[in-house]
Amino acid sequence: MDAYIEFKNVVKRFDDFVALDHVSLQIPKGAFVTLLGPSGCGKTTLMRQLAGFSEPEEGDVLVNGKRMNGLPPFKRNTPLVFQEYALFPHMTVYENISYGLRLQKLPKEEIDKRVADMLEMFNLVGLENRFPKQMSGGQQQRVAFARALVMGQEILLLDEPLSNLDAKLRVEVRTELRQIQQKLGITTIYVTHDQDEALSMSDIIAVMRKGRIEQVGSPWEIYFRPVNRFVADFVGTVNFLEGRARSVADGVLAVDYAGMALQVPTQTPAAAGDVVTLVVRPECIRIAAPEEDVPAGAVLDGMIENYSFLGRMIRYWVRVGDASFIIDDANVDLTGARTGPVKLCLDTHKLHVLKDGGAHADG
């Protein structure tokens, strides 16, 4: 992978607190990369090293091979969009979007054309004479995006830009933003703690914790192949099954769990007798009626304890012995939810194995 943006062994401290602990990350040109993690993990601090609002004590930040350390923000061409919009309240939409172009004293015809392109791109046509206070939060955020992109930069930084919007509008705006990013091919770094945003928008996700990067990968890799319990638990809902490896052959690991020998395809090295943790996502378990004829070998008998109707699916909590399973059932019956005893059928091809009980969950 050719790195267009690169963080090399970056360290940042605030007094005795280590905000970034030797962080390295390579970002290819044109990618949408999300820095994902809980509050205080260092994701915004890492973005600020690139934007120029903070400088690392150690390490380097490079763009297209050029070292950015020490350059002021206005020389980096890395516009940053915040969750607060940061629009000029006394300026109209047109004036906000064109502000940087007017500072460059470009010809009015060129300014008008560029602003018109942004208005169309972000569905703001007809609103150019409105002031921010006359617009909804979603419209204001679109203006902030337009103002950042109108200058023609090749890098866009977004710090939780959708967190002030309601749930439905967030989905709408993030879909638009992703489509525009793909159309323009602009390299984008997006900071969020929202797993749905990260999974739905990103080419690459970097999961951060305590100033370090735990895992870098595609949304599919992060979700279905987490490297440890922290990543598995932070990115989506998960069931952890503690088992013991029996044997491995031809890339398939036999794991003893609750009297079953689950056959799990895996590349995780494990020897017979090793304690392992199976990562089981809620949608990787199918609920079957007790009388249904199902293949043996990956089936548990359980009792439904609770459920939550979410429209597109029903989330069940099912008791199996001393364990409780979370299952997402997309096959919603118009008559209501299931109740009583059920069988749980595990899709072993979608299970993931963590060795040593999922070590590094707390480290």
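Colleague: Which side-chain atom lies 3.0 Å from the backbone nitrogen of valine 61, and from which residue?
Modeller: In this predicted model, a polar atom of the side chain of asparagine 69 lies 3.0 Å from that backbone nitrogen.

Colleague: What lies 3.1 Å from the backbone oxygen of glycine 59?
Modeller: That is also a polar atom of the asparagine 69 side chain.

Colleague: Where is asparagine 69 found?
Modeller: Asparagine 69 sits in the loop between strand 5 (66-67) and strand 6 (80-82).

Colleague: Is asparagine 69 buried or exposed?
Modeller: Its relative accessibility is 16%, so asparagine 69 counts as buried; the cut-off for buried is under 20%.

Colleague: Which residues is asparagine 69 in contact with, leaving aside neighbours within four places in sequence?
Modeller: The contacts are Glu55, Pro56, Gly59, Asp60, Val61 and Arg76.

Colleague: Turning to aspartate 250: buried or exposed?
Modeller: Aspartate 250 is exposed, with a relative accessible area of 83%. This aspartate is in the loop between strand 11 (239-249) and strand 12 (252-257).

Colleague: How far apart are aspartate 250 and glutamine 267 in space?
Modeller: They are 9.8 Å apart, C-alpha to C-alpha, and 17 residues apart in sequence.

Colleague: Now strand 14. How many of its residues are buried?
Modeller: Strand 14 (residues 275-280) has 5 of its 6 residues buried.

Colleague: In which sense does strand 14 pair with strand 11, parallel or antiparallel?
Modeller: The pairing is antiparallel, over 6 bridges. Valine 275 in strand 14 has arginine 244 opposite.

Colleague: And how many bridges are there between strand 14 and strand 20?
Modeller: Strand 14 and strand 20 (residues 352-355) pair over 4 bridges, in the antiparallel sense. Histidine 352 in strand 20 stands opposite valine 279.

Conventions
Residues numbered from 1 in each chain as written. Predicted model: local features only at pLDDT ≥ 70, side-chain atom pairs only at ≥ 80, totals over all residues. Heavy atoms only, no water. Helix = DSSP H or I, 4+ residues; strand = E, 2+ residues; numbered from the N terminus. Buried < 20%, exposed > 50% of the residue type's maximum accessible area, 1.4 Å probe, protein only. Polar contact = N/O pair within 3.5 Å; in protein donor to acceptor, adjacent residues only side chain to side chain. Contact = heavy atoms within 4.5 Å. Pairing = 2+ DSSP bridges.
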